[in-house]
Amino acid sequence: MSQSGYKQFCPVAMASEVLCTRWTLVLLREMIAGSTRFNDLRRGVPKMSPTLLSQRLKELEQAGIVERRPVRSEKGIFEYSLTPSGQDLRSVIEAVGFWGQKWVESTLSLKNLDPSLLMWDMRRNLNPDPLPDSRCVIQFLYPELPASKRNWWLVVESDGEVDLCWADPGFDTNLYITTDLRTMTAIWMGLDTVQKARRDDRMNLVGDKHLARTMQAWLGLSPFATQEKLVA
């Protein structure tokens with residue numbers, strides 16, 4: 001990828017020339033998590049410019065890591081998938097994530113708060129099993145954020161499909177969750193719990209008692225939340 005490169009025959013150096021350009025590992029993380037379309041990839045890397053995203057996808061395609069295919073039913077729409085070479089990077093990305101969860105200071109991680117990324121990750125990791133067999137609408141309110149980023153809705157359909165809305169979806173809300181973004185991010189990362197946040201008055205749940213009681217179970221945490229943190 002790089003014009004200069006490391007000029008070493010070492011496999012680590014050669015792999016780094018492909019994988020260590022800015023945003024590449026994060027983009028691969030998003031693809032491994034299941035995003036296949038350009039707009040969905042953008043939601044997973046919201047601070048990455050569309051131009052750079054397009055460039056990185058082309059580079060990964062040239063490297064044989066990503067494959068682009070047209071969606072037959074939608075003219076002009078493409079899906080991006082990992083080739084066998086790309087799928088082989090799953091364990092590499094997971095190892096980097098678990099290392100970061102274990103050794104990077106929590107205070108550093110929690111400086112990089114992003115409501116859109118957090119809610120997007122929560123949407124795809126939500127566990128519908130503890131929820132009733134009917135539509136559930138859960139509204140998150142972050143009072144300290146600007147009005148445009150303050151309210152978010154997760155709509156969980158009876159078949160388990162989860163949709164993320166940043167405007168009122170028009171359905172009755174079953175559970176209102178009011179907290180600050182740092183607390184919600186820490187819970188999702190496995191650094192805090194719903195029970196502790198409620199006990200400390202950092203989270204207020206109003207509405208369906210079953211949804212409130214089982215929130216820790218249906219929330220669905222970061223894939224790396226199970227890793228014990230060794231750096232506070």
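Begin with the second largest pocket, where about 180 Å³ of space lies; a pocket here is an open set of points on a 1 Å grid over the protein atoms alone, where a 1.4 Å probe fits, with protein on both sides within 12 Å along at least five of seven lines, and lining residues have an atom within 4 Å of a point. The volume is the space filled by probe spheres set on the points, which are joined across faces, edges and corners.

This is a predicted model, in which local features need pLDDT of at least 70 and side-chain atom pairs count only at pLDDT 80 or more, while totals for chains, interfaces and linings use all residues. Residues are numbered from 1 along each chain as its sequence is written, and side-chain values use heavy atoms, with hydrogens and water left out.

Select R42, R43, P46, S116, W120, W152, L164 and W166 to display the lining of this second largest pocket. Both α3 (38-44) and α8 supply at least two of its residues; helices are DSSP runs of H or I with at least four residues, and strands are runs of E with at least two, numbered from the N terminus.

Finally, show the open sheet, whose five strands follow the order β5-β4-β3-β6-β7 with mixed pairing, two strands being paired if DSSP finds at least two bridges between them. Because β5 (162-165) and β7 (203-207) each have a single partner strand, one side of each is left without a neighbour in the sheet.
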